[in-house]
Amino acid sequence: MSTPRTIAPTRRSLLTAGGALGIGALLTACGGGTSSSDGASDTDKGGAWTFKDDRGQTVKRDRTPQRIVAFTGTAAALHDFGVECVGVFGPTKLKDGKPDPQAGDLDVDKLTVLGNAWGEFNIEKYAGLRADLLVSNMFEPEALWYVPEESKKKILGLAPSVGLTAARVPMLEPIKRYAALAESLGADLKAKKVTDAKARFEAAAETLRKAAKANPVKVMAASGSADLFYVSNPAVNADLMYFRELGVDFVVPEKLDQGGYFESLSWENADKYQADLVLLDSRTSALQPKDLAAKPTWEKLPAVKAGQVSPWLSEPRFSYAGCAPLLEALASAIEKAKKTS
């Protein structure tokens with residue numbers, strides 16, 4: 001980093017391009033319904049709609065929400081289950097106008113984009129959409145992903161919100177929660193598109209399980225910035241937790257930063273951990289292999305020397321359609337990987 005920090009970086013630190021790390025208080029979501037001990041998430045017979053989110057808050061509406069605004073990856077997951085949003089916020093379009101990987105199969109040109117980067121959220125546009133529900137991931141309890149801290153009160157005052165946990169539980173759990181939310185919003189989970197995606201996901205999970213058992217290579221999930229190399233913790237990230245359940249042998253960092261998501265290493269110490277395969281954060285905010293080629297310690301990593309580096313979409317969209325390709329890609333990378341020592 002360019003200047004000393006007194007507070008350790010959290011997951012949000014990895015968002016800023018070029019390694020300028022954002023530090024600050026976690027986003028805190030409030031409002032969006034009243035608390036209830038009722039664990040059900042359903043649609044009432046009389047047309048009223050309720051859903052209990054992962055903050056423990058039950059959102060109530062007189063009718064099923066139709067005008068939904070969501071974090072881009074969240075909107076993409078809902079789309080996979082058959083629910084469409086009118087607006088999104090978060091990484092949506094690349095510089096060339098093409099969809100960001102987190103947008104999945106969304107037709108981004110038909111959506112109102114409220115912000116394309118961290119800290120961007122156009123409140124006037126949001127108000128104009130007349131949203132009746134806002135939905136986002138939560139990587140920390142109560143923290144709606146990409147809802148800016150400085151304007152969250154205004155934003156959450158315009159419509160009820162739903163937050164779904166995206167960390168510290170295996171990937172399959174958020175997928176099931178998104179399925180439940182989508183179903184409550186009118187999606188047909190028995191539609192062929194959904195059942196085919198689920199079958200593909202289950203087959204991919206089994207393929208990965210077999211690959212990990214047949215070729216037990218050491219895997220390191222990591223992200224690179226200009227100043228730091230982040231080694232991710234497989235005990236916190238939802239996707240890594242699930243991959244681990246399927247038998248993937250991950251490097252486990254020893255000295256975790258605040259939040260527990262990763263250990264940040266200076267580039268001089270980036271070779272602290274050795275692995276046969278590196279999963280490298282492929283988000284637009286992270287440096288890619290061509291950007292890291294000038295880092296001597298990167299080039300010295302055994303997996304890099306062996307050409308065993310695979311893209312890692314570290315913020316998956318939590319649907320069967322969104323996650324099946326991730327399982328397939330990892331299985332293929334493990335099958336092809338060779339021991340480096």
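Residues are numbered from 1 along each chain as its sequence is written. Because the model is predicted, local features need pLDDT of at least 70 and side-chain atom pairs count only at pLDDT 80 or more, while totals for chains, interfaces and linings use all residues; side-chain values use heavy atoms, without hydrogens and water.

**Overall**

The protein has 10 helices and 14 strands. These are DSSP runs numbered from the N terminus: helices are H or I with at least four residues, strands are E with at least two. Of the 341 residues, 53% are buried. Buried means under 20% relative accessible area, exposed over 50%, and partly exposed in between (1.4 Å probe, protein chains only). The protein exposes about 14800 Å², with 52% supplied by carbon and sulfur atoms. Areas come from the Shrake-Rupley method with a 1.4 Å probe. A contact means heavy atoms within 4.5 Å. Among contacts with a separation of 6 or more, 70% join residues 24 or more positions apart.

**Helix H1**

Gly82 follows H1, with a positive phi near 110 degrees.

**Second largest pocket**

The second largest pocket has a volume of about 150 Å³. On a 1 Å grid over the protein atoms alone, a pocket is an open set of points with protein on both sides within 12 Å along at least five of seven lines; lining residues have an atom within 4 Å of a point. Points are joined across faces, edges and corners, and the volume is the space filled by probe spheres set on them.

Phe243, Leu279, Ser310, Trp312 and Leu330 are among the lining residues. Strand E14 (309-312) and H10 each give two or more residues. H10 supplies the largest share, four residues. By class, the lining has nine nonpolar residues, one polar and no charged. Ala, Val, Leu, Ile, Met, Phe, Trp, Tyr, Cys and Pro count as nonpolar, Asp, Glu, Lys and Arg as charged, and the others, Gly among them, as polar.

Ser310 lies in strand E14. Ser310 counts as buried because its relative accessibility is 12%. Beyond residues up to four places away in sequence, Ser310 touches Leu277, Val278, Leu279, Leu280 and Ala333.

Terms used: On a 1 Å grid over the protein atoms alone, a cavity is a set of points where a 1.4 Å probe fits but cannot get out, and a pocket is an open set with protein on both sides within 12 Å along at least five of seven lines; lining residues have an atom within 4 Å of a point.
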